Amino acid sequence: MSAAESRTPSWARPVPAGGAAASRVLLGALAAAAAVDLGSLLADWHLGHVLAKPLLMPLLVAYVITRGAPGLLVAALLFGWGGDLALLFDAEAAFLVGMGSFAVGHVCYLVLFGRRAANPLLGGAYLLALLGTVGLIWPDLPADLRIPVAGYSLLLTAMAFRSSALGLRAGIGGALFLISDTLIATGVADWPQLPRPDFWIMATYLAAQYLLATGALAAAQAYRRQVIQD
């Protein structure tokens, strides 16, 4: 092992050899599954959504693995998959299980982001958004969901803010994740919704996970290039 390799952290592992072709195939499969899922939501075809949604995160996981993904990124996406599956069931218990799975995924993201610097002004904006959103929806949430939703919102907002430390791509992903889950929360609070709200929730969620994942990969690749140059 070279000195450069010995200084490379586990999250910046090398890209597997021969993974380019597999990456392209998996990315195409992910795009196809996403198109089926979002099209099903627009067409109000529930079966299509039920069949396509469980494929999305496993395909994204397989894709990032071919790109040399760190284990924490894989874990974050898999816990997102657990949340996806739970939210296919229309029950409060399933909602709580799904929220818990997503919460663990956010913790994985936060650990992955590490101590890299992020703009404190952006952190202040996120804090104001958190306080304003929770304060507005609090009275309209079911009483037994208020504390879990508030706690989850705090963790999600922290993840969204810290994602910006990996760059613009990951930062946009974190912001879209926050928007997606805010749309879910307003639905739980029985607020007026956009037409086809499930479509907008899934569209922003898919974009969020993809941008977070590829943003993390880009940061790892940049780190590897810097180590090699040094």
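Thr157 sits in helix H7. Helices (H or I, at least four residues) and strands (E, at least two) are DSSP runs, numbered from the N terminus. This is a predicted model: local features need pLDDT of at least 70, side-chain atom pairs count only at pLDDT 80 or more, and totals for chains, interfaces and linings use all residues. Residues are numbered from 1 along each chain as its sequence is written, and side-chain values use heavy atoms, with hydrogens and water left out.

**Thr157**
- Thr157 is buried, at 7% relative accessible area. Buried means under 20% relative accessible area, exposed over 50%, and partly exposed in between (1.4 Å probe, protein chains only).
- Beyond neighbours within four places in sequence, Thr157 contacts Tyr126, Leu130 and Leu178. Contact means heavy atoms within 4.5 Å.
- Tyr126 and Leu130 are among the buried residues of H6.

**Helix H6**
- H6 covers residues 120–137, 18 residues in all. From first C-alpha to last it reaches 26 Å, close to the 26 Å expected at 1.5 Å a residue. The expected span is 1.5 Å times one less than the number of residues.
- Its buried residues are Gly123, Tyr126, Leu130, Val134 and Ile137. Seen down the axis of H6, they fall within an arc of 85°, so they line one face of the helix. The arc is that of the directions from the helix axis to the C-beta atoms.
- An α-helix has 3.6 residues a turn, so residues three or four places apart point the same way.
- The buried residues of H6 pack against helix H7 (146–163) and helix H8 (168–188).
- The face turned away from the buried side carries exposed Leu121, Leu128, Leu131 and Leu136.
- Asn119 caps the N-terminal end of H6, with a side-chain oxygen 2.8 Å from the backbone nitrogen of Leu121.

**Nonpolar core**
- The largest nonpolar core has 53 residues. Such a core is a set of buried Ala, Val, Leu, Ile, Met, Phe, Trp, Tyr and Cys residues joined through side-chain atoms within 4.5 Å.
- Those with the most contacts inside this core include Leu56, Tyr109 and Phe177.
- H9 gives the most to this core, with 11 residues.
- Leu56 touches Leu30, Ala33, Ala34, Asp37, Met202 and Leu206, not counting residues up to four places away in sequence.

**Whole chain**
- The chain has nine helices and zero strands.
- Of its 230 residues, 43% count as buried.
- Among contacts between residues at least 6 apart in sequence, 76% join residues at least 24 apart.

Technical notes:
A polar contact is a pair of N or O atoms within 3.5 Å; within protein, one must be able to donate a hydrogen and the other to accept it, and residues adjacent in sequence count only if both atoms are side-chain atoms.
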